[in-house]
Amino acid sequence: MANEKVKVLIIGSGPAGFTAAVYAARAGMKPVLYQGGQPGGQLTITTDVENYPGYPEGVMGPQMMVDFQKQAERFGTDIRSGMVTGVDFSGWPHKVTVDNKTEIEAEAVIISTGASAKWLGLESEQRLNGKGVSACAVCDGFFFRGQDVAIVGAGDTAAEEATYLSKLVNKVYMLVRRDEMRASKIMQQRVANSPNIEVLWNTETVEVLGDEEVSGVRLKDTVTGEERELDVQGFFVAIGHKPNTDIFKDYLDMDEAGYIKTIPGTSKTNIPGVFATGDAQDKIYRQAVTAAGSGCMGALDAEKFIAEKEVELQEAAL
Ligand SMILES: Cc1cc2nc3c(=O)[nH]c(=O)nc-3n(C[C@H](O)[C@H](O)[C@H](O)COP(=O)(O)OP(=O)(O)OC[C@H]3O[C@@H](n4cnc5c(N)ncnc54)[C@H](O)[C@@H]3O)c2cc1C
């Protein structure tokens, strides 16, 4: 295996990874960043982003990520294609394997591998993604002001997103597969208290309707098997996210869903010199701006770690 030594290795090229790169590069740490299978991250699969500060007219997601990349490159980040396929955090420096063939030793590793929304798996859902189908009410609810939307899910996140949408849109249909919700009592109460949310129990989605944009959904009653159509202009899926953290699970503390645990107020994980940023460690906010903010934290924490490690090594050599 090839062997290379770097100071800071960043895994992921979303808002968190590129922001970490800007800070690490400007601090003279010559970061190396691996882009993974989705260069630019989740925002490359969306259209308008209107809530990222600094773009008063909004910006297309893919263009925004080109801007992030250019800024990281401007200060000398070494941006590479490649997927991190394994890590060994048992000693120090940390070992990272790329594409099953290249082994890199890094003084600090910043994990910015993001998370992926879970989808129902319908062809129509995929085809209309970004054209009325969304997995993020906070991101896209604004585009459906005054219209009717449906949201699938029965947990706390679905209940929270439904109440968020109810303040913007005309009517929210909450589609729940069973005759009860998993959401906590308090969240269910918030749904019940929102006059423009209607919960459709025992309901599953058969198809999202529309050619160029969402015009409705075909629903099935899970008890009677009866099908019917409902007119909606937006279709939200809130059935959970999966953080892209499987390769770290032998070393890092995570919650039951796989979100990496960090020491509150920092990007530090349970392994010194390994930092987690962005959606890979954030199951609450999951926004580009919060991911970018935590990417900044990752780089500053990594810089401090490396400086302290250098002092430690110098003292040990005396
Ligand atoms: C459709 C959609 C619309 C959205 N709209 C908005 C919006 O309008 N405003 C907003 O603020 N937020 C929005 N979001 C949320 C936002 O995209 C995320 O919060 C943000 O992208 C998270 O950034 P991140 O850097 O943590 O991870 P991601 O953007 O998920 O990037 C993860 C990166 O890690 C890489 N990676 C993963 N595994 C590996 C590996 N093993 N090796 C190397 N690289 C790896 C991937 O290739 C990718 O580059 C939207 C999300 C979606 C899906």
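This is a predicted model: local features need pLDDT of at least 70, side-chain atom pairs count only at pLDDT 80 or more; totals for chains, interfaces and linings use all residues.
The protein chain is divided into two parts, domain 1 (4-116 + 241-317) and domain 2 (119-237). Their centres, taken over C-alpha atoms, lie 33 Å apart. Seven residues from domain 1 and eight residues from domain 2 make up the contact. About 580 Å² is buried between domain 1 and domain 2, and carbon and sulfur atoms contribute 45% of this area. On the side of domain 1 that touches domain 2 there are four polar and three charged residues, and no nonpolar ones.

In total, the structure holds 15 salt bridges. One of these joins the side chains of Glu4 and Arg80, with an N to O distance of 2.8 Å. Glu4 belongs to strand β1 (residues 2-11) and Arg80 to strand β5 (residues 78-80), and the two residues are 76 residues apart. Glu4 is partly exposed at 27% relative accessibility, whereas Arg80 is buried at 18%.

A salt bridge is also formed by Arg177 and Glu204, whose closest N and O atoms are 2.9 Å apart. Arg177 is located in the loop between β12 (171-175) and α6 (185-192), and Glu204 in strand β14 (residues 203-209), so the pair ties together parts 27 residues apart in sequence. Arg177 is exposed, at 55% relative accessibility, while Glu204 is partly exposed, at 22%.

Lys242 and Asp246 form a salt bridge through their side chains (3.1 Å, N to O). Lys242 is partly exposed at 36% relative accessibility, and Asp246 is partly exposed at 45%. Finally, a network of salt bridges links Glu207, Arg218, Glu227 and Glu229.

Conventions:
Residues are numbered from 1 along each chain as its sequence is written. Side-chain values use heavy atoms; hydrogens and water are left out. Domain bounds come from an automatic or database domain assignment. Contact means heavy atoms within 4.5 Å. Buried area is the accessible area (1.4 Å probe) that two parts lose on being put together, summed over both. Ala, Val, Leu, Ile, Met, Phe, Trp, Tyr, Cys and Pro count as nonpolar, Asp, Glu, Lys and Arg as charged, and the others, Gly among them, as polar. A salt bridge is a side-chain nitrogen of Lys or Arg within 4 Å of a carboxyl oxygen of Asp or Glu. Helices (H or I, at least four residues) and strands (E, at least two) are DSSP runs, numbered from the N terminus. Buried means under 20% relative accessible area, exposed over 50%, partly exposed in between (1.4 Å probe, protein chains only).
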